[in-house]
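Here are some notes to read next to the coordinates.

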Protein chains: 2
Amino acid sequence: MPPKPKTEAERQQLRTLIIDAARDLFVTRGVEAVTMREIAKRIGYSATSIYLHFADKEAVLRAILDVDMLALATSLNTILQIEDPVERMQALGYGYADFALSFPNHYRLMFMAERIPCDPEKSSLQKNNAEQDAYFLLKTVVNDVYLAGRFKEELQDVDLIAQVIWAGVHGICSLEINMANDKWVNWTDISARLQLMQTVLIRGLLREPT
Amino acid sequence: MPPKPKTEAERQQLRTLIIDAARDLFVTRGVEAVTMREIAKRIGYSATSIYLHFADKEAVLRAILDVDMLALATSLNTILQIEDPVERMQALGYGYADFALSFPNHYRLMFMAERIPCDPEKSSLQKNNAEQDAYFLLKTVVNDVYLAGRFKEELQDVDLIAQVIWAGVHGICSLEINMANDKWVNWTDISARLQLMQTVLIRGLLREPT
DNA sequence: GTGTTAACTTAACGACGTTAAGTAAATTAT
DNA sequence: ATAATTTACTTAACGTCGTTAAGTTAACAC
């Protein structure tokens with residue numbers, strides 16, 4: 001039964017309601033497995049109502065990713081309090097992995113599922129803002145280590161270093177999330193794997209006197 | 001129009017025909033985007049005929065992965081000719097990455113997509129056979145480096161070492177496959193990233209006198 | 001020559017994402 | 001005050017999907 005016109009705040013509230021319901025379902029059962037009808041049922045509306053607020057299913061997903069990227073960046077921001085730049089860089093890796101392994105379906109949505117490239121133009125997040133952009137945070141932290149002269153001298157590209165560190169930690173996390181149940185491989189303890197990766201990254205990137 | 005009973009060989013031939021058609025479509029357009037009707041059309045049968053040879057769409061996918069895992073392992077086997085164990089280990093990493101980046105949709109299917117855990121019991125492939133099991137090949141190659149006494153002395157678990165190397169290379173490949181189109185990140189050259197990862201792995205894992 | 005069986009086909013089902021068409025309350029215009 | 005419009009929804013419906021059920025027809029068995 002259609003009531004009165006809604007204020008902008010009310011519309012935003014409903015948007016958030018949809019996003020939260022959809023995320024809850026996406027995260028526990030996977031994006032493909034969840035239907036629009038299901039999301040709608042959760043919040044007590046008909047399926048077609050979602051289309052009044054989002055263009056399509058993909059737009060809902062995109063909105064979720066936006067919100068969650070912000071959550072990731074925000075949660076990682078606490079590590080900025082650590083003073084030593086190398087320690088800080090390590091802590092960032094552990095914080096990132098902790099997020100990935102604590103919320104694997106979240107992480108899958110964000111970094112492992114076939115992705116809609118996220119366009120800075122269309123995102124509500126601010127790029128190059130450490131509080132909203134986890135990659136920028138990583139780059140900042142890596143840059144501090146660089147400025148402290150701790151990297152091997154031939155390493156001059158902060159983006160390159162940041163991306164290799166990201167890849168290392170992402171590799172550990174994504175293999176764990178996707179393949180841990182695979183009997184084919186004799187998996188070692190995940191924390192041992194993560195720790196060795198961090199050690200290898202540090203030893204491979206920093207100058208000798210650790 | 002339905003002809004005579006088929007020999008086992010003929011049935012196997014048709015199975016292969018389906019697998020090849022399905023792979024071709026899956027790899028270029030993604031699993032979800034390809035329909036059973038489409039696969040069938042490719043080989044000149046009706047969609048329902050596929051169900052005479054495979055239980056469902058997932059079974060087709062599983063069969064493809066089985067064949068392709070074998071193909072990957074076989075293609076990587078050539079690096080066994082390299083004599084120096086460390087060089088061999090590096091070459092394996094490059095070979096693996098070359099496969100991943102040359103056939104990204106293949107790779108996505110095999111190591112990135114939400115996976116049906118593949119059960120050694122049900123697979124036609126032999127586990128612990130270097131010609132059929134890429135992980136075993138990696139482990140063998142890593143073990144040779146271990147036996148040559150080239151790893152740092154505290155590294156005593158060959159599975160752990162192998163899994164960290166895999167994670168490193170997989171991290172580079174999977175980020176490239178999934179995120180390279182993402183404008184958010186200022187991506188550096190993929191070959192530079194791969195090379196630095198390999199260097200970092202070597203430097204982080206091997207004893208000092210490289 | 002009349003079943004029986006194997007290898008197919010077409011029809012059909014229920015569910016999906018999405019669009020079109022309808023409905024009723026609140027607002028605005030007269 | 002009431003008629004017209006707009007807003008926020010709903011139900012119906014479309015085309016497509018994976019899959020199942022129900023034919024159909026050629027080859028074989030007796």
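The points below cover conventions, chain A and then chain B.

1. Conventions. This is a predicted model, so to speak: local features need pLDDT of at least 70, side-chain atom pairs count only at pLDDT 80 or more, and totals for chains, interfaces and linings use all residues. Residues are numbered from 1 along each chain as its sequence is written, chains are lettered from A and ligands numbered from 1 in the order in which they are written, and side-chain values use heavy atoms, with hydrogens and water left out.

2. Chain A overall. The C-alpha trace spans about 70 × 45 × 25 Å along its principal axes. Of the 210 residues of chain A, 51% are buried (under 20% relative accessible area with a 1.4 Å probe, protein chains only; exposed is over 50%, partly exposed in between). Among contacts in chain A with a separation of 6 or more, 67% come from residues 24 or more positions apart (contact means heavy atoms within 4.5 Å).

3. H1 of chain A. Helix H1(A), residues 8-29, has 22 residues and should span 32 Å at 1.5 Å a residue, which agrees with the 32 Å between its end C-alpha atoms (the expected span is 1.5 Å times one less than the number of residues). Its buried residues include A:Leu14, A:Ile18, A:Arg23 and A:Phe26. The buried residues of H1(A) pack against H2 (36-43), H3 (47-50), H4 (57-76) and H6 of chain A.

4. After H1(A) comes A:Gly30, with a positive phi near 90 degrees. A:Asn128 also deserves a look: its phi is positive, about 55 degrees, although it is not a glycine. Most residues other than glycine have a negative phi. A:Asn128 sits in the loop between H6 (104-112) and H7 (134-147) of chain A.

5. A:His170. Leaving out residues up to four places away in sequence, A:His170 touches A:Tyr96, A:Tyr107, A:Phe111 and A:Met112, plus B:Gly171, B:Ser174 and B:Leu175.

6. H4 of chain B. Helix H4(B), residues 57-76, has 20 residues and reaches 29 Å from first C-alpha to last, close to the 28 Å expected. Among its buried residues are B:Val60, B:Leu61, B:Ile64, B:Asp68 and B:Leu72. Their cover includes H1, H3, H5, H6 and H7 of chain B.

7. H1 against H4 in chain B. The two helices pack at about 90 degrees with axes 9 Å apart (axes are lines fitted to C-alpha atoms over the stretch in contact, and angles run from 0 to 180 degrees between N-to-C directions). H1(B) and H4(B) are therefore roughly perpendicular (65 to 115 degrees; under 35 is roughly parallel, over 145 roughly antiparallel, the rest oblique). B:Ile18, B:Ala22 and B:Phe26 are among the H1(B) residues that meet H4(B), whose side includes B:Val60, B:Ile64 and B:Asp68.

8. H5 against H7 in chain B. Here the angle is about 155 degrees and the axes are 8 Å apart, so H5(B) and H7(B) are roughly antiparallel. The contact includes B:Met89 and B:Leu92 of H5(B) and B:Leu138 and B:Val142 of H7(B).

Technical notes: Helices (H or I, at least four residues) and strands (E, at least two) are DSSP runs, numbered from the N terminus.
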